[in-house]
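Take a look at the fold shown here. Start with the strands, then turn to the helices and rings.

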Amino acid sequence: MQAVHEDVARVLFTDEEIQARVKEMGAQITADYQGQSLLVVSVLRGAAIFMADLVRAIDLPVEMDYMAVSSYGNGAKSSGVVQILKDTTSSLEGRHVIIAEDILDSGLTLEFLIENFELRNPASVEVATLLRKDVKPQADVHCRYIGFECPNEFIVGYGLDYAERYRNLPYIGVLKPEIYQ
Ligand code: PRP
């Protein structure tokens, strides 16, 4: 097993735990959408790793697409202003869409995306998020598939970054406070 990074205080979810849970999520999605094809859209950049594992756990015809949205930044979370930097390439019309997210925090990103997607006449829109943070959400977002509940700490790995680092850690861990303070 890979040694834990020196900047990580403790591991929350191991590589093996994540892989097992993502396989369960994929199996659930496969069962729920029998006979259908899916358009799975991930939100760059953090969710790309989750998406890559999730689609390989889904035994259905799956198309992959990507969105990039502006981050509203740490100081302006309550504004909820999200801008589309890169839109999907595929049309959503008539499609069963699953938004793959790495983490649901305030919920503002997903609230924006769901509202935006609903306007494009999809057959359905659901959310699969690997993590849901234990915070009081600012937006009421329904997530059909949730991997893990996680504590309100500064977490990195498996797509999640601090200053663009640590996304490639295969596990999810809590960053040592001295790294970001
Ligand atoms: C993270 C994460 C979600 C969003 C969740 O993205 O990937 O998209 O924040 O937060 P919210 O529920 O409070 O809206 P981030 O802006 O850090 O970009 P990244 O994926 O490029 O790391």
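What follows is a short tour of a predicted model.

**The sheet.** Six strands form an open sheet. Their order is β4-β3-β2-β5-β6-β7, and the pairing is mixed. Two strands sit at the edges: β4 (84–86) and β7 (145–150). Each of these pairs on one side only. Neighbouring strands are turned by 30° against each other on average, with direction ignored.

Strand β6 (residues 124–133) runs parallel to β7, and five bridges join them. Leu-131 stands opposite Phe-148 in β7.

| Helix | Strands in contact | Direction |
|---|---|---|
| α3 (residues 108–118) | β2, β3, β4, β5 and β6 | about 170° to β5 |

Which residues of α3 are buried? They are Leu-108, Thr-109, Leu-110, Leu-113, Ile-114, Asn-116 and Phe-117. Their cover includes β2, β3, β4, β5 and β6. In general, an α-helix has 3.6 residues a turn, so residues three or four places apart point the same way.

**The rings.** The structure holds four aromatic pairs. One of them is Phe-13 with Phe-148. This pair is stacked, at 4.1 Å centre to centre with 20° between the planes. Phe-13 lies in strand β1 (residues 8–13) and Phe-148 in β7, so the pair ties together parts that are 135 residues apart in sequence. Both Phe-13 and Phe-148 are buried. Elsewhere, Phe-154, Tyr-162 and Tyr-180 form one aromatic cluster.

How values were computed. Residues are numbered from 1 along each chain as its sequence is written. This is a predicted model: local features need pLDDT of at least 70, side-chain atom pairs count only at pLDDT 80 or more; totals for chains, interfaces and linings use all residues. Side-chain values use heavy atoms; hydrogens and water are left out. Two strands pair if DSSP finds at least two bridges between them. Helices (H or I, at least four residues) and strands (E, at least two) are DSSP runs, numbered from the N terminus. Axes are lines fitted to C-alpha atoms, for helices over the stretch in contact, and angles run from 0 to 180 degrees between N-to-C directions. Contact means heavy atoms within 4.5 Å. Buried means under 20% relative accessible area, exposed over 50%, partly exposed in between (1.4 Å probe, protein chains only). Rings of Phe, Tyr and Trp (its six-membered ring) pair if their centres lie within 6.5 Å; planes under 30 degrees apart count as stacked, over 60 as edge-to-face and the rest as tilted.
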